[in-house]
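Here is a short briefing to read alongside your structure. Please keep the sequence and the 3D view open as you go.

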Amino acid sequence: MHPATAQPPPLPDPAPRDLCTDCGVSRSSDPKRCGRACQFIRPDYAAMEQRIHGRARDPQRPDELHFGPFRQMYQAALREPRSGAQWTGITTRLAERLLESDRVDAVLTVTGAADDPWHPQPALVTDPAQLADCRGMRMGYAPLLALLEPAMAKGYRRLGVVALPCQTYPLRALEQELGLERLEIIGTPCSDNTTTAHFHRFLELLTPTPEQVTYLEFRADYHVELRFRGDGKREIPFLQLPIAQLPADFWPLTCRTCVDYTNALADITVGYMAGRGEQWILVRNPRGEAMLELLGDEVRLRPPRSAGKRAGPVQGFIDNTERAAGGMPTRGMPNWLRPIVGRLMPYVGPRGLELARARLEMKAAETLIHLHHKAPRRARAMVPEHVYRLVEGYRIDGLERPEPRRRRARGRTFGSGGVD
Ligand SMILES: Cc1cc2nc3c(=O)[nH]c(=O)nc-3n(C[C@H](O)[C@H](O)[C@H](O)COP(=O)(O)OP(=O)(O)OC[C@H]3O[C@@H](n4cnc5c(N)ncnc54)[C@H](O)[C@@H]3O)c2cc1C
Ligand code: SF4
Ligand code: SF4
């Protein structure tokens, strides 16, 4: 990860909000817009997907229930991986190409703060070379959208934005009133974010030299990968992570109840979950298609693959989450067995698309269980119909079922563990 090249002026303070990831709207000239723009208040994903992508999730394409509308889906990698990137750097390369091809005036994304490269800080980038400083994943919340008004004030009417799902939703909700000529959203999936302070505590538990860590990723093969200054690298199986030593609020309620893992309202989603060690791209609409074309032969694209069965692991996850009664999932495995299971999981657990489907179902169950325990009145307004459908076929005790309005599209069991 690189330090920031240019630090923006200080941003206004956020307005205090319940269930908020400080996307930046509350720091704008009209903080009341949160009421109609926030993912955590009364989102309408179905209407937004229809408006942005021109159609709803297609029941004839079952993966759209999990991943949202998409035209093409790929396992992908840049032929020349970029230094400092989280994976191969497709995300920031797309943003570079938007600027290089003059499709946008500026790109809104995050970089590392001057005093802490792990702390995400919003950045408005006009020079493609500057995007090298933005590469990499930082755990924490960045008030990205606080820079929308400054961007407009500078006359930038054509914007590219790299956004997490809880930043994409408010951006889409406000898109029409912003007066932009063009908006191109490169989304990444997101799950299990936390504050940067919590993240530092996590690093301290993982290694005696946390200040040497330059990279961390929760990989699709059930390992956390750490890279250190110099050439050092360490891989830790998920089952050996010091989860029990983390504070109960390590993952905030926002991220435990987030309803959009795959960034369904972006033009293109770039992640890794179904990539089997490479990246995973969902092209959602013609803007996303045009963006991917800007990469030409730089990117290697392959059909995504799938293996394993998700039903057992998902039900196990649900049982653990319920046992913890809305707190941290418990692990019912003796310590001596963990290294063995940790090594086996990459071979026997769900992989590729099946892993991505499993994670979507786990996330849906987690959202419903935590809202049921911590904020039951929120669930009715906050949870889209498709989230309930993702957990059909699984056993969740004591879950308050939604009212009929939300259940009208029932009729299929999606939790049965099928593989393409
Ligand atoms: C907290 C978090 C959780 C994630 N969880 C998943 C997951 O479960 N599954 C999955 O497939 N992908 C997840 N991702 C996305 C993944 O880490 C990679 O960003 C993605 O695969 C793109 O890789 P890349 O090499 O193309 O990105 P790069 O070219 O390295 O670019 C990464 C981009 O992400 C931006 N970014 C980094 N941190 C933040 C942040 N905190 N807030 C806003 N923007 C940020 C950077 O500014 C940069 O523009 C997560 C990302 C974050 C930030
Ligand atoms: S819109 Fe953004 S700033 Fe406002 S409450 Fe939601 S996450 Fe917080
Ligand atoms: S998990 Fe959801 S709420 Fe948390 S940072 Fe990611 S997109 Fe936002």
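Across the chain, the average pLDDT (the predictor's confidence in each residue, from 0 to 100) is 88, and 88% of the residues score at least 70. This is a predicted model, in which local features need pLDDT of at least 70 and side-chain atom pairs count only at pLDDT 80 or more, while totals for chains, interfaces and linings use all residues. Residues are numbered from 1 along each chain as its sequence is written, and chains are lettered from A and ligands numbered from 1 in the order in which they are written.

**Around ligand 1**
- There are 32 residues around ligand 1, and Ala85, Trp87, Thr91, Thr92 and Gly271 come nearest; a residue counts as near if its C-beta atom, placed from the backbone, lies within 6 Å.
- Two or more shell residues come from each of helix H4 (90–100), strand S2 (106–113), strand S9 (268–271) and strand S10 (279–283); helices (H or I, at least four residues) and strands (E, at least two) are DSSP runs, numbered from the N terminus.
- H4 supplies the largest share of this shell, with 3 residues.
- The shell holds 17 nonpolar, 13 polar and 2 charged residues, where Ala, Val, Leu, Ile, Met, Phe, Trp, Tyr, Cys and Pro count as nonpolar, Asp, Glu, Lys and Arg as charged, and the others, Gly among them, as polar.

**Around ligand 2**
- Of the 13 residues around ligand 2, the nearest are Cys20, Cys23, Ser26, Cys34 and Cys38.
- Helix H1 (34–37) and helix H6 (165–178) each give two or more residues to this shell.
- By class, 9 of the shell residues are nonpolar, 2 polar and 2 charged.

**Around ligand 3**
- The residues surrounding ligand 3 are Thr21, Leu164, Pro165, Cys166, Cys190, Ser191, Asn193, Thr254, Cys255 and Cys258.
- H6 and helix H8 (253–256) are the elements that give two or more residues here.
- This shell has 6 nonpolar residues, 4 polar ones and no charged ones.
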